[in-house]
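Subject: Structure handover, salt bridges

Hello,

Here is the structure for your files. My notes on its salt bridges follow below.

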Amino acid sequence: MLGSFFTTKTSGTGTGLGLSTVAGIVRSHGGFIQVESVPGHTSFRIYLPAKEAAEAAHPLENDAHVPPGHGQIVLVVDDEPSIREVAEVILTNHGYRVYTAEDGPAALAIFAQQIGQIGIVVVDLVMPMMSGRALVRALRRIDPQVKIMISTGRMDELELSEVEALGVEGVLLKPYTTRNLLLKLGLYLRGLQTAA
């Protein structure tokens with residue numbers, strides 16, 4: 001099983017840790033990843049436990065604590081394509097409608113076009129061009145009531161006092177699992193406050 005990750009990317013160009021997000025999702029489903037690497041070639045094998053057909057057809061019925069979406073719109077902003085893709089698949093498969101943006105300017109354009117329609121914005125803290133902090137402030141200027149959740153791979157980049165100052169609903173640590181993502185979105189979209 002994959003246990004630790006590192007990046008060779010320079011500061012401000014993204015973490016390059018899409019694999020850690022995939023690993024977190026695989027683990028959340030009771031699976032593991034096997035990696036084989038030789039010069040010039042690396043292969044990844046994903047192993048997931050088999051499920052009975054009835055259980056697989058209704059996964060949310062087996063866990064009453066994981067709320068499905070009801071068509072709410074979520075805007076996911078992250079400079080890592082793999083994170084955007086995985087989040088979009090998870091949310092779409094669980095009853096949400098999803099927009100994705102690769103940076104702050106793209107997110108602001110989508111948000112302005114969908115003003116009043118987006119239920120919550122999940123904002124990556126560290127992005128090129130416009131930081132997550134700057135994006136949160138810009139979104140608040142457009143709509144002071146918009147719900148925002150910060151996503152970050154390193155909690156030391158964000159102090160609790162800053163979370164409160166930004167006025168965001170909470171923090172989602174990467175790599176996040178399907179369960180964590182759905183639980184937090186469900187709570188915040190229902191207007192409930194919970195500890196980050």
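Asp-78 and Lys-174 form a salt bridge, with 3.0 Å between the closest N and O atoms. The term stands for a side-chain nitrogen of Lys or Arg within 4 Å of a carboxyl oxygen of Asp or Glu. This pair links distant parts of the chain, 96 residues apart: Asp-78 is in the loop between strand E3 (73-77) and helix H3 (81-93), and Lys-174 is in the loop between strand E7 (170-173) and helix H7 (178-189). Helices (H or I, at least four residues) and strands (E, at least two) are DSSP runs, numbered from the N terminus.

This is a predicted model, in which local features need pLDDT of at least 70 and side-chain atom pairs count only at pLDDT 80 or more, while totals for chains, interfaces and linings use all residues. Residues are numbered from 1 along each chain as its sequence is written, and side-chain values use heavy atoms, with hydrogens and water left out.

Lys-174 also forms a salt bridge with Asp-124, the closest N and O atoms being 3.1 Å apart. Asp-124 lies in strand E5 (residues 118-124), so this pair ties together parts that are 50 residues apart in sequence. Through shared partners, Asp-78, Asp-124 and Lys-174 are joined into one network.

Asp-78 is buried at 1% relative accessible area, and Lys-174 is buried at 13%. Asp-124 is buried as well. Buried means under 20% relative accessible area, exposed over 50%, and partly exposed in between (1.4 Å probe, protein chains only).

Glu-36 and Arg-45 also meet in a salt bridge, at 3.2 Å from N to O. Glu-36 is partly exposed at 39% relative accessibility, and Arg-45 is partly exposed at 41%. The count comes to three salt bridges.

Regards
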